[in-house]
Amino acid sequence: MNKKIPGWKAFFLLRLDRLHTRTARLLYRFAFTKSDRRAIGILSFLIVLTVFLRAYGLVSPAKEWRIKDEAAAMPERNVQPERNEKNDNPPRINTYKPPEYMVKKKFMVELNRADTFDLQELNGIGPTFAKRIIKHRQNLGGFVHVDQLREVWGVDSALMEKIRPHVYIKEAGITKINVNTADLKTLKRHPYLDYYQAKEIYLHRQKYGTFSRVEEIRGVNLMDSGTFARIAPYLSVQD
């Protein structure tokens with residue numbers, strides 16, 4: 001008849017058996033073969049031998065390890081640069097001027113005659129900007145000064161400074177409006193005139209007769225000095 005084991009003892013034996021199993025698994029994972037043990041033994045022997053020889057001064061570090069220490073121990077030498085006699089001579093001024101056919105001329109664009117392809121040669125101007133510039137030139141009747149490019153949507157100060165040295169204007173390309181013969185539709189089409197200013201010019205002509213000078217338009221109702229300064233180059237009193 002089997003003898004009954006007390007509960008606490010059975011619990012203790014169960015825990016001990018689990019601990020033994022886990023320990024066996026752990027040792028199995030770190031088990032080494034015969035070749036591994038031989039390699040570890042040789043490596044350990046070499047490490048112990050190196051420490052022993054270094055401790056008793058039988059070996060010393062490689063020579064290149066002491067380069068920095070030896071350089072620090074060496075006294076500093078005052079090395080004076082050699083005198084270059086060529087520096088005593090004054091520099092020669094280059095007076096050579098290449099012939100005209102070898103000089104690359106700066107690319108310039110006349111804004112009142114350029115097409116979209118010419119404008120795209122400017123740095124920063126693509127097809128979209130070129131079309132906007134042409135359209136604004138047509139609405140104005142031509143450019144009077146280069147700064148009018150700032151009125152084109154998207155042309156900021158940085159782009160303007162980039163293209164300014166490469167553009168110029170001839171006044172002959174301006175199309176003017178004869179205020180003595182133009183109808184209301186023609187006047188209000190200009191970008192510098194709104195509907196009410198164009199209407200006042202038309203009514204003033206109907207009431208007082210034709211203009212003899214462009215400066216008389218300054219006296220028309222709703223015509224301020226700023227608008228007149230902008231629109232005056234595009235107006236005339238005769239064909």
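**Close-up views of a predicted model**

View 1. K131 is exposed, with a relative accessible area of 58%; exposed means over 50%, buried means under 20%, and partly exposed lies in between (1.4 Å probe, protein chains only). The structure is a predicted model, in which local features need pLDDT of at least 70, side-chain atom pairs count only at pLDDT 80 or more, and totals for chains, interfaces and linings use all residues. Residues are numbered from 1 along each chain as its sequence is written, and side-chain values use heavy atoms, with hydrogens and water left out. K131 belongs to helix α5.

**View 2. The order of helices and strands in the protein chain.** Nine helices and four strands make up the list of elements in the protein chain. Both kinds are DSSP runs numbered from the N terminus: helices (H or I) have at least four residues and strands (E) at least two. Followed along the sequence, their pattern is α-α-α-β-α-α-α-β-β-α-α-α-β. The protein chain has 239 residues, of which 22% count as buried.

**View 3. A patch of positive charge on the surface.** Four arginines, R15, R18, R22 and R25, gather in this patch of positive charge. Patches are built from residues with over 30% relative accessible area and no salt bridge, like charges being joined within 9 Å and nonpolar side chains (Val, Leu, Ile, Met, Phe, Trp, Tyr) within 5 Å. Lys and Arg count as positive and Asp and Glu as negative, while His and the chain ends are not counted. The place of a charge is taken as NZ of Lys, CZ of Arg, CG of Asp or CD of Glu. R18 lies in helix α1, which covers residues 7-29. This arginine, R18, counts as partly exposed because its relative accessibility is 42%.

**View 4. A nonpolar patch on the surface.** I42, F45, L46, L49, F52 and Y56 form the patch, and together they have about 650 Å² of accessible area. Accessible areas come from the Shrake-Rupley method with a 1.4 Å probe, and for residues only the protein chains shown count as cover. I42 is placed in helix α2, residues 34-55.

**View 5. The largest nonpolar core.** This core has 39 residues, and those with the most contacts inside it are L119, I125, L149, I201 and I217. Two or more residues each are given to this core by α5 (127-140), α6 (157-163), α8 (195-208) and α9 (225-231). The most comes from α5, which gives five residues. A nonpolar core is a set of buried Ala, Val, Leu, Ile, Met, Phe, Trp, Tyr and Cys residues joined through side-chain atoms within 4.5 Å.

**View 6. Salt bridges between side chains.** Side chains of opposite charge can pair when their charged atoms come close. A salt bridge is a side-chain nitrogen of Lys or Arg within 4 Å of a carboxyl oxygen of Asp or Glu. Under this rule, the count comes to five salt bridges. One of them joins the side chains of E110 and R113 at 3.6 Å, N to O. E110 is buried, with a relative accessible area of 6%, whereas R113 is exposed, with 57%.

**View 7. Salt bridges between parts of the chain.** R164 forms a salt bridge with D147, their closest N and O atoms being 2.8 Å apart. R164 lies in the loop between α6 and β2 (167-168) and D147 in the loop between α5 and α6, so this pair ties together parts that are 17 residues apart in sequence. R164 is partly exposed at 34% relative accessible area, and D147 is partly exposed at 40%. The side chains of E151 and R230 meet in another salt bridge, at 3.9 Å, N to O. Because E151 is in the loop between α5 and α6 and R230 is in helix α9, the pair ties together parts that are 79 residues apart in sequence. E151 counts as partly exposed at 34% relative accessibility, and R230 is partly exposed with a relative accessible area of 41%. Salt bridges with shared partners join D147, E161 and R164 into one network.

**View 8. N178 in strand β3.** Strand β3 consists of residues 177-178 and includes N178. N178 is buried, with a relative accessible area of 9%. The C-alpha atoms of N178 and S236 are separated by 4.8 Å, and the residues are 58 residues apart along the chain.

**View 9. L222 in a loop.** L222 is placed in the loop between α8 and α9. Phi of L222 is near 70°, a positive value in a residue other than glycine. L222 is exposed, with a relative accessible area of 52%.
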